[in-house]
Amino acid sequence: MNSEKIRNLILCAMFAALTAVGAFIKIPIPYVPFTLQLTFVTLAGYILGAKNGMISVLIYIALGLIGIPVFTEGGGIGYVFKPTFGYIIGFALGAFVTGLIARKSSRPSYPRLLAAGFAGLVVVYVMGILYYYLISRFYLGSDVTVRSVLLYCFVLVVPGDIALTFVAALAAKRIIPVVAAHDVGRRKGDRAENE
């Protein structure tokens with residue numbers, strides 16, 4: 001395995017771990033707790049790009065589904081029947097979309113980062129709200145309404161996630177050049193070694 005693949009694997013594992021940590025930094029509100037998971041998922045897309053950003057979230061999901069308690073309310077295969085699991089699926093797709101848009105440029109501008117982050121946020125919320133409603137209504141037999149789901153799963157939490165998207169974009173604007181400079185230095189060192 002070459003050094004770039006090892007580096008990408010380490011970064012994917014690191015962001016999977018950060019996403020797990022983000023699950024436990026939360027503000028409890030009814031229905032869907034407000035956590036920092038989205039911040040780390042968005043950063044994974046920004047820094048790792050579409051493919052590796054999504055892989056980092058898929059590692060996180062796999063860890064949770066095999067029973068490691070990395071999700072907000074634990075772990076295990078049965079978690080797929082929890083209404084909030086749609087947000088977790090949305091994290092994987094959101095990281096992909098964020099990375100796809102942000103990394104079209106090797107040094108994305110702040111507006112591009114914001115556009116990418118908000119596109120990923122839309123994906124997360126669409127998946128999360130739809131899954132929440134369907135599981136609550138048809139699997140759990142709850143009398144939840146579209147209005148209550150929109151209130152508790154969107155209106156109450158989206159302002160915080162919007163603020164965190166701005167924070168993630170600011171952080172990424174500073175981190176991406178550092179990672180790029182490190183990559184250039186590593187490639188030069190690899191070339192010098194091979195000569």
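Student: Is Phe154 buried, partly exposed or exposed?

Tutor: Keeping in mind that this is a predicted model, Phe154 is partly exposed, since its relative accessible area is 33%.

Student: And what about Tyr125, buried or exposed?

Tutor: Tyr125 is buried, with a relative accessible area of 5%, which falls under the 20% cut-off for that class.

Student: How are the rings of Tyr125 and Phe154 placed?

Tutor: The ring centres of Tyr125 and Phe154 are 5.4 Å apart and the planes stand at 90 degrees, so this pair is edge-to-face. Because Tyr125 belongs to helix H4 and Phe154 to helix H5, which covers residues 146-155, the pair ties together parts that lie 29 residues apart in sequence.

Student: How many aromatic pairs are there in the structure?

Tutor: The structure holds 10 aromatic pairs. One of them joins Phe118 and Phe166, whose ring centres are 5.6 Å apart with planes at 70 degrees, so that pair is edge-to-face. It links distant parts of the chain, with Phe118 in helix H4 and Phe166 in helix H6 (residues 158-194), 48 residues apart. Phe118 counts as partly exposed at 25% relative accessibility, and Phe166 counts as partly exposed at 36%.

Student: Which residues do ring pairs link into a cluster?

Tutor: That cluster consists of Tyr60, Phe71, Tyr79, Phe85 and Tyr131.

Student: H4 keeps coming up, so how far apart are its end C-alpha atoms?

Tutor: They are 42 Å apart, and this agrees with the 44 Å that the 30 residues of H4 should span at 1.5 Å a residue. Just after H4 comes Gly141, which takes a positive phi of about 70 degrees.

Student: Which element gives the largest share, and what classes are the lining residues?

Tutor: H3 gives the largest share, with 3 residues, while the lining by class has 11 nonpolar, 4 polar and 2 charged residues.

Student: Last one: where is Asn52, and what is it in contact with?

Tutor: Asn52 is in helix H2, where it is buried with a relative accessible area of 16%. Leaving aside neighbours within four places in sequence, Asn52 is in contact with Asn8 and Cys12.

Definitions and conventions
Residues are numbered from 1 along each chain as its sequence is written. This is a predicted model: local features need pLDDT of at least 70, side-chain atom pairs count only at pLDDT 80 or more; totals for chains, interfaces and linings use all residues. Side-chain values use heavy atoms; hydrogens and water are left out. Helices (H or I, at least four residues) and strands (E, at least two) are DSSP runs, numbered from the N terminus. Ala, Val, Leu, Ile, Met, Phe, Trp, Tyr, Cys and Pro count as nonpolar, Asp, Glu, Lys and Arg as charged, and the others, Gly among them, as polar. The expected span of a helix is 1.5 Å times one less than its number of residues. Buried means under 20% relative accessible area, exposed over 50%, partly exposed in between (1.4 Å probe, protein chains only). Contact means heavy atoms within 4.5 Å. Rings of Phe, Tyr and Trp (its six-membered ring) pair if their centres lie within 6.5 Å; planes under 30 degrees apart count as stacked, over 60 as edge-to-face and the rest as tilted.
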